[in-house]
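The following questions and answers are intended for reading beside a structure. Please consult the sequence and the model as each point is raised.

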Amino acid sequence: MTVDLTSDSRWEPDMLGGTWLARTLRLRPDEEGEVVATLVADGARPRTHRAILYVHGYVDYFFQTHMADVLADDGYTFYALDLRRYGRSLRPHQTPNYVTRLSDYAEELDTAARIVRDELGHDELVVLGHSTGGLVTALWADARTRAGAGPSTSTTSAVQIDALVLNSPWLDLNEPWFSRVVSTRLIDVLGPLAPRTPVGGLRPHYGRALHKDTGGEWDYDLTLKPHEGFPARAGWLRAVRRGHAQVARGLDIRCPVLVLTPDASGDPKRWHDAILTTDSVLDVQQTARLAPGLGPDVTLVTVPGAAHDLSLAPEPARSRFFEGVTAWLASKGL
């Protein structure tokens with residue numbers, strides 16, 4: 001199957017250059033004005049019947065072309081989605097990375113899935129979410145696949161998800177129990193009253209370990225993925241903690257789910273030598289505890305020596321991650 005994206009004026013040259021293309025998805029405007037998301041694809045790749053839709057993490061955007069190459073070589077047509085107010089989709093008038101309901105992302109996820117299935121003709125759709133994108137896609141998949149779920153509530157038609165792959169999904173706050181409980185109660189009060197109040201941010205250590213200019217392996221745009229991130233705001237954190245509460249109560253995702261994590265956690269608050277061989281953002285024990293509650297068919301895989309984003313881990317962990325994904329998909333007939 002071949003679909004020539006270059007003949008469709010809705011696809012334009014992407015910031016990645018080469019044969020990469022981007023399509024702007026116009027979404028419902030909000031209090032800040034225009035809202036868009038961005039679908040990204042490699043226009044040179046032939047279309048197969050199997051598609052993977054990648055969704056990035058917090059203070060992030062799609063730049064991992066090596067991941068697209070690996071999955072394309074295994075027979076999957078690769079797409080990536082930059083969510084509203086992230087990466088390619090961030091506009092000058094917008095507050096970066098900010099929403100007050102994680103369910104808002106259903107609009108662009110539904111739209112992207114509809115394009116992949118209906119316009120581009122893929123028979124199978126695998127969704128791959130990383131970190132915050134893992135939380136967002138898990139909640140979306142639950143709403144779209146759980147028993148008794150009706151048609152999509154967005155402006156698009158109902159969507160079908162054949163499998164969900166989660167790369168270090170953010171399923172809980174990586175803080176001691178007391179801090180998690182107290183901070184959540186404070187955020188529940190502050191969030192509705194002053195939703196744009198900054199309440200925290202990222203530590204720069206993990207980003208510095210990744211980026212080539214500070215000794216890392218990867219080259220990406222530091223204006224879109226700065227080491228210190230963007231301010232985490234009360235309304236956004238309240239939305240995330242409500243998403244975590246949904247996960248804690250248990251989801252009912254009715255497609256197969258694969259959860260992959262590093263085999264150990266590292267200190268997220270300081271620089272240390274194992275920052276790229278441990279999850280130095282999340283607590284892998286929290287993930288392992290919560291993963292079985294995502295649905296009736298969940299597989300948990302740990303990858304020794306991996307970083308928080310397993311697709312950016314040093315070798316051989318990076319290859320083990322990709323091998324784990326493709327082997328599991330094959331075991332599910334996808």
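Q: Which residues of helix α1 (residues 65–73) are buried?
A: This is a predicted model, in which local features need pLDDT of at least 70, side-chain atom pairs count only at pLDDT 80 or more, and totals for chains, interfaces and linings use all residues. Residues are numbered from 1 along each chain as its sequence is written, and side-chain values use heavy atoms, with hydrogens and water left out. Helices (H or I, at least four residues) and strands (E, at least two) are DSSP runs, numbered from the N terminus, while buried means under 20% relative accessible area, exposed over 50% and partly exposed in between (1.4 Å probe, protein chains only). In α1, the buried residues are His66, Met67, Ala68, Leu71 and Ala72.

Q: What covers the buried residues of α1?
A: Contact here means heavy atoms within 4.5 Å. The covering elements include the helix α8 (317–331), together with the strands β2 (20–30), β4 (50–55), β5 (77–82) and β6 (124–130).

Q: Which are the edge strands of the open sheet of nine strands?
A: Two strands pair if DSSP finds at least two bridges between them. The order is β1-β2-β3-β5-β4-β6-β7-β10-β11, with mixed pairing. The strands that pair on one side only are β1 (12–13) and β11 (298–303).

Q: Which residue of β5 is the bridge partner of Leu39?
A: Strand β3 (residues 33–42) and β5 run antiparallel and are joined by four bridges. In β5, the partner of Leu39 is Leu81.

Q: How many residues apart in sequence are the parts that Glu31 and Arg196 tie together?
A: A salt bridge is a side-chain nitrogen of Lys or Arg within 4 Å of a carboxyl oxygen of Asp or Glu, and the side chains of Glu31 and Arg196 meet in one (3.0 Å, N to O). Glu31 lies in the loop between β2 and β3, and Arg196 in the loop between α4 (177–193) and β8 (198–200), so the parts tied together are apart in sequence by 165 residues.

Q: Is Glu31 buried or exposed?
A: The relative accessible area of Glu31 is 61%. Because exposed means over 50%, Glu31 is exposed.

Q: What is the relative accessible area of Asp110, which meets Arg144 in a salt bridge?
A: The side chains of Arg144 and Asp110 meet at 2.8 Å, N to O. This pair links helix α3 (residues 132–145), which holds Arg144, to helix α2, which holds Asp110. Arg144 is buried, at 14%, and Asp110 is also buried, with a relative accessible area of 0%.
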